Amino acid sequence: MLGTLEKAQRVLDLYSPARPEWGVGEVARECGWPPSSTHLLLSSLAHTGLLHRTVAGRYRLGFKLHRLSQILLHNTPWREVVAGELRALCAQTGETTYAAALDGAHLVTVAAFQGAHRHALAPAQLSEEPPLHASATGKVLLAFRTAWGHPLPRRLGRLTPHTITTRAALSAELDEVRARGVAFSLEEAALEVCSVAAPVHNHRRAWGSGPPFA
């Protein structure tokens, strides 16, 4: 059972805004599985509603994931409070504002408001969040996670000439983030795009096992 769940998770992790649809053969090659067992797994996921099989026999994410995500968000007690603050900050600055939490090595946006500027980032684009080491939000969460003993990311891919690509440089940057209380991404994820992020503490200004969101 555990092996099946791990395989299902591996399939779901393949999906991204740039790759929203997969065929059986593509999944089999990507994961190194036999086509027959891959077909059986995808069919089972489609039967449960986690995937949707198109008329062309390819697979997209199923709406059950959306329903589950709505249940999660509506039962996250701090989300409404944070959303109110983000809405006010967006109105004050005209910039896109959002809050995100860590799900393993991935950022998950829990609330977002689009800025009024012509080139303001649309909330839908936040699903394409850059790697943690190139994102202001990612740096904030990494800074406090690593302070609690979590390792640095293994891969530090270069997205622009300004992206941090060495573990030593990232470690030094995270030290500065902890000292300043804020993080910056200055054209590190995309040229001409800058961002700033701050951690959101609980009422005791404590983190427990790590920061909940930023």
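Helix α5 (residues 79-93) has 15 residues and spans 21 Å from its first C-alpha to its last. That is close to the 21 Å expected at 1.5 Å a residue; the expected span is 1.5 Å times one less than the number of residues. Helices (H or I, at least four residues) and strands (E, at least two) are DSSP runs, numbered from the N terminus.

This is a predicted model: local features need pLDDT of at least 70, side-chain atom pairs count only at pLDDT 80 or more, and totals for chains, interfaces and linings use all residues. Residues are numbered from 1 along each chain as its sequence is written, and side-chain values use heavy atoms, with hydrogens and water left out.

Which residues of α5 are buried? They are Arg79, Val82, Ala83, Leu86 and Cys90. Buried means under 20% relative accessible area, exposed means over 50%, and partly exposed lies in between (1.4 Å probe, protein chains only). Seen down the axis of α5, the buried residues fall within an arc of 100°, so they line one face of the helix. The arc is taken from the directions between the helix axis and the C-beta atoms. These buried residues pack against α4 (63-74), β3 (97-103) and β4 (106-113). Contact means heavy atoms within 4.5 Å. The face turned away from the buried side carries the exposed residues Glu80, Val81, Glu85, Ala91 and Gln92. After α5 comes glycine 94, with a positive phi near 80°.

**Positive phi without glycine**

Most residues other than glycine have a negative phi. Glutamate 187 has a positive phi of about 60° although it is not a glycine. Glutamate 187 sits in the loop between β5 (183-186) and β6 (194-197). With a relative accessible area of 24%, glutamate 187 is partly exposed. Glutamate 192 is not a glycine either, yet its phi is positive, about 70°. Its place is in the loop between β5 and β6. Glutamate 192 counts as exposed, at 73% relative accessibility.

**Salt bridges**

Side chains of opposite charge can pair when their charged atoms come close. In a salt bridge, a side-chain nitrogen of Lys or Arg lies within 4 Å of a carboxyl oxygen of Asp or Glu. The count comes to 9 salt bridges. The table includes some of them.

| Pair | N to O distance |
|---|---|
| arginine 19 and glutamate 26 | 3.5 Å |
| arginine 60 and glutamate 21 | 2.8 Å |
| glutamate 173 and lysine 139 | 3.1 Å |

Glutamate 173 lies in helix α7 (residues 167-180) and lysine 139 in helix α6 (residues 136-147), so the pair ties together parts that are 34 residues apart in sequence. Both glutamate 173 and lysine 139 are buried. Salt bridges that share partners join Arg19, Glu21, Glu26, Arg58 and Arg60 into one network. Within it, arginine 19 is partly exposed at 32% relative accessibility. Glutamate 26 is partly exposed at 21%, and arginine 60 at 36%.

**Nonpolar cores**

A nonpolar core is a set of buried Ala, Val, Leu, Ile, Met, Phe, Trp, Tyr and Cys residues joined through side-chain atoms within 4.5 Å. The largest one has 18 residues, and Leu107, Leu170 and Leu174 touch the most other members. β3, α6 and α7 each supply at least two residues of this core. Its largest share, 6 residues, comes from α6. Apart from this core lies another, of 14 residues, among them Val24, Cys31, Trp33 and Leu42.
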